[in-house]
Amino acid sequence: MAGVSTAHRPDSAATTRRGEALIEFLLRASAAIGIITTVGIVTVLLVEAIFFFGEVSPVDFFTGTRWSASILPYAFGVIPLITSTLMIAFIALVLAVPLGVLAAVWMSEFASQRVRSIIKPVLEILAGIPTIVYGFFAITVITPLLKATILPDLGTFSALSAGIVVGILVLPLVASLTEDALRAVPRGLREGSYALGATRWETVRRVLLPAALSGIAAAVILAMSRAVGETMAVVLAAGTNPQLTLNPTESVQTMTAFIVQISLGDTPAESIQFKALFAVGATLFAITFTLNLISAWLVARYRNVYE
Amino acid sequence: MNEREPVTKPSVSQIGATAPSGATEATSASSTNPALLLENVSCWYGAFRAVREVSLAIPRNKVTALIGPSGCGKSTLLRSINRMNDLVPGFRMEGEIAFEGTSVHSRATDVIDLRRRVGMVFQKPNPFPKSIFENVAFGLRLLGETAGIDALVEESLRAAALWDEVKDKLDQPGLSLSGGQQQRLCIARAIAIRPEVILMDEPCSALDPKSTLQIEELMRKLIRDYTIVIVTHNMQQAARASDYTVFLTMGDDRAGYVVEQGETGKIFTAPQQQLTADYVSGRFG
Amino acid sequence: MSTQTTTRRKVANALFGLLAFFAIFASLVTLVALLIDVVARGGSSVDLQFFTSAPSRIPAKAGILPALVGTLWVTTLVAIMTFPIGVAAAIYLEEYAGRGRWSRLLRINISNLAGVPSIVYGIFGLALFVRLLGLGRTVFAAALTLSLLILPVVIISSMEAIRAVPPSQREAAYALGATRWQMVRRALLPAAAPGILTGIVLAVGRAVGETAPLILIGAVTFVTFVPVNPFEDKYTVLPIQIFNWAGRPQAAFQEISAAAILVLLVLMFLLNLVAIILRARLSRTIQW
């Protein structure tokens with residue numbers, strides 16, 4: 001029979017092993033880009049922020065309540081930016097969390113397979129729309145709608161309009177993560193409740209939601225992180241007025257909007273405004289990073305309970 | 001060229017001359033130049049011992065069946081021969097497995113080459129999501145043996161009794177075949193690279209009875225050129241298709257050990273150990 | 001149990017069902033409203049002249065040519081760069097790295113990066129690519145920045161695609177005497193290809209719509225010429241053109257902004273379609 005050589009081939013084995021080692025090295029280097037990026041981001045933000053804090057004291061930055069980066073007299077108290085960011089995020093969550101959780105509960109417990117196969121793509125499409133389009137939607141539909149119905153004195157820019165649109169933006173995220181959390185609840189819990197004669201609503205309220213609470217909390221926090229980091233929708237909808245206010249009908253400036261404002265202008269690289277950009281960026285990163293960590297921890301917790 | 005030792009058919013008296021313990025069985029069978037020799041092999045997964053001090057000889061150009069109740073380490077033992085257990089984290093082996101006189105764990109052994117010379121067919125057929133041709137050619141391409149590949153693929157498919165069924169659709173996906181055909185495809189894939197030993201881990205348990213018989217017939221033909229070791233749950237299969245049988249069972253420590261080994265006919269009709277007699281008569285397992 | 005209580009409970013149940021359905025319905029309505037608004041506002045402005053002209057102070061004459069070309073440039077470069085690196089990293093994490101502390105750190109790190117706001121990537125790209133490495137405000141710097149942005153997503157989806165390949169496939173290859181890389185290249189990747197490619201196309205689709213990072217790294221908002229040299233020329237992209245027009249008060253600019261949005265959405269839709277078709281065609285032969 002014509003055959004394949006059976007001779008022991010130690011030489012080819014050695015070259016194969018060297019080739020294998022090189023390939024493994026290249027693959028590991030690719031994976032390391034992840035670490036390098038994280039280290040890079042943290043380094044850049046930290047270093048530039050330190051330059052900023054050489055000119056503006058951290059105490060003034062973190063506790064000051066007046067922010068005026070372009071108009072003299074300059075002031076760099078970041079509180080107005082933070083409150084504006086949080087206010088918009090809060091409005092977004094007030095919209096997205098109840099609707100998102102309800103939508104998830106409906107898809108997970110009530111809807112038929114056919115309906116679910118229509119709704120899921122709809123939510124996925126909503127999630128995939130670029131945020132600039134949401135910003136556009138805010139100024140062409142939401143703000144006029146609000147003005148025409150309940151707030152006739154509303155200005156062109158408002159935190160409310162931005163908050164609503166960011167809420168629509170994060171709703172799919174809340175819905176899909178909540179659905180994951182509900183799916184992780186074992187069927188036995190549902191069956192036990194139904195067997196005792198509970199209605200579906202009662203099962204949801206008394207058994208499922210409490211059981212999925214960690215997961216839902218994780219979803220909410222992740223959505224908050226997303227809302228905090230949102231840029232284009234708030235830039236178009238909320239404007240660039242860095243005032244300290246809790247009135248959602250006012251025009252405000254978020255951290256992200258400030259960063260965009262500076263980049264759009266012809267700000268020289270060594271100016272205090274440019275350095276402020278990095279300081280605000282570092283603050284933003286710190287907030288979202290912390291929120292993401294909390295969310296991940298919550299997810300790990302509920303996974304452990306059920307697996 | 002593949003060189004074969006002239007096969008000396010072991011006389012009945014040589015293997016049949018039994019001693020009470022399984023260990024000395026191995027020595028008498030080895031007088032016929034076994035393909036594989038296992039000496040005091042124990043296997044651990046972490047702290048759990050799955051196989052305890054197994055010694056056996058696998059005779060050349062014969063079908064050797066490893067039988068026994070489930071969980072007694074038959075597959076673990078089989079997979080240790082071609083070092084597939086290297087892929088399992090926490091696995092450890094003691095004792096020696098000698099293939100053609102060289103320990104499979106020695107420095108001189110290249111595990112890649114070992115696996116070419118000792119092939120494996122798995123319980124559930126696992127053809128690649130490629131064409132029938134490419135499935136069989138896979139091993140040849142690994143070795144860079146692309147000259148005359150068409151002829152080699154045809155030869156392997158013929159030897160696996162699959163050629164007539166697929167010769168007109170070699171470019172069809174391997175997964176489009178039936179279960180029995182897929183398993184014969186996997187056999188063709190394994191023998192394309194001309195191994196010396198073929199390990200089969202319950203190759204028929206996922207197949208219908210007709211395909212099972214086809215594969216058993218195939219095994220009888222293949223031993224002309226290969227040594228076959230088969231793990232099987234199916235006692236009737238072992239009785240039908242094998243020449244030599246090794247009976248393992250689980251001890252109180254949940255580790256598998258060899259109870260008895262010998263010519264198949266003797267194991268099933270005149271076993272030496274009570275445990276063996278109980279198992280082959282269906283009283284347990 | 002009194003029938004009164006049971007009726008009350010049933011009513012509550014029905015009400016809840018209604019409320020939940022309303023939530024879904026609201027989402028659907030919003031999506032439809034958004035699309036209708038965009039189409040109504042901008043549909044009439046999408047014509048050949050729109051595609052072939054440069055932006056201008058006069059809305060009627062303005063077009064998206066430079067922005068479109070810029071988007072195509074950036075998207076192509078991003079796809080080329082993220083593909084090898086993302087897949088390589090995924091292969092390493094799934095097949096080569098152990099389960100020890102170091103590899104767990106790598107994995108957690110990738111998940112964290114996926115959650116960083118896109119504007120932070122813009123800041124990083126500004127500091128690293130534009131300034132430190134001196135690449136300037138070019139298409140190349142934009143592509144590098146966006147590649148970093150979508151790399152975690154590409155890695156995660158590739159890892160999932162690789163993980164979906166059953167272990168029996170790997171065993172089959174090893175049992176035939178394959179080395180690890182041979183197993184990966186000849187058995188694993190061909191089997192995981194549909195999932196990997198789909199993931200990359202979807203991630204690139206995301207990059208197409210990104211605005212904030214590109215503002216940070218210097219995509220200019222009023223560009224009248226078409227970029228030719230990705231290492232030198234100034235450029236703009238569709239989302240930024242949209243942003244530029246949307247910010248102007250005149251209704252006519254709102255219209256062409258909507259028109260540009262339409263083009264962007266169609267582009268993203270096409271990319272998603274490609275992803276779906278790819279997956280369907282490639283996975284035809286793979287039925288575990």
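In chain A, 74% of the contacts between residues at least 6 apart in sequence join residues at least 24 apart, two residues being in contact if their C-beta atoms, placed from the backbone, lie within 7 Å. For chain B, residues 24 or more positions apart account for 69% of the contacts with a separation of 6 or more. The model is a predicted one, in which local features need pLDDT of at least 70 and side-chain atom pairs count only at pLDDT 80 or more, whereas totals for chains, interfaces and linings use all residues. Residues are numbered from 1 along each chain as its sequence is written, and chains are lettered from A and ligands numbered from 1 in the order in which they are written.

Chain A contains 12 helices and two strands; helices (H or I, at least four residues) and strands (E, at least two) are DSSP runs, numbered from the N terminus. Along the sequence these elements follow the pattern α-α-β-β-α-α-α-α-α-α-α-α-α-α. The radius of gyration of chain A is 26 Å, while a compact globule of 307 residues would have one near 19 Å. This radius is taken over C-alpha atoms, and the globule rule is 2.2 Å times the number of residues to the power 0.38. The C-alpha trace of chain A spans about 90 × 65 × 35 Å along its principal axes. Of its 307 residues, 48% count as buried. A residue is buried if 20 or more other C-beta atoms lie within 10 Å of its own, exposed if 12 or fewer, and partly exposed in between, with C-beta atoms placed from the backbone. Between strand E1 (67-68) and strand E2 (75-76) of chain A, the loop holds Pro73(A), which is joined to Leu72(A) by a cis peptide bond with omega of about -5 degrees.

Two packed helices are described by the angle between their axes and the distance between the axes. In chain A, helix H3 (residues 79-110) packs against helix H6 (residues 159-183) at an angle of about 40 degrees, with the axes 5 Å apart. Axes are lines fitted to C-alpha atoms, for helices over the stretch in contact, and angles run from 0 to 180 degrees between N-to-C directions. H3(A) and H6(A) are therefore oblique to each other, since angles under 35 degrees count as roughly parallel, over 145 as roughly antiparallel, 65 to 115 as roughly perpendicular and the rest as oblique. H3(A) passes H6(A) in a right-handed crossing; a crossing is right-handed if the near helix is turned clockwise from the far one by less than a right angle, and left-handed if anticlockwise. The contact of H3(A) with H6(A) comprises 23 nonpolar, six polar and two charged residues. Here Ala, Val, Leu, Ile, Met, Phe, Trp, Tyr, Cys and Pro count as nonpolar, Asp, Glu, Lys and Arg as charged, and the others, Gly among them, as polar.

Between chains A and C, 62 residues of chain A are in contact with 62 residues of chain C. On the side of chain A, helix H1 (residues 10-55) provides the largest share, 18 residues. That side divides into 38 nonpolar, 18 polar and six charged residues. Val122(A), in helix H4 (residues 113-128) of chain A, is in contact with Ser27(C), Leu28(C) and Leu31(C), its neighbours within four places in sequence being left aside. Val122(A) is partly exposed, with 16 other C-beta atoms within 10 Å.

Chain B has 12 helices and 10 strands, and buried residues make up 51% of its 285 residues. In helix H6 (residues 149-159) of chain B, the buried residues are Leu152(B), Val153(B), Glu155(B), Ser156(B), Leu157(B) and Ala159(B). Their cover includes helix H5 (132-142), helix H7 (163-166) and helix H8 (179-191) of chain B. Glu53(B), in strand E2 (residues 48-58) of chain B, has a positive phi of about 40 degrees although it is not a glycine.
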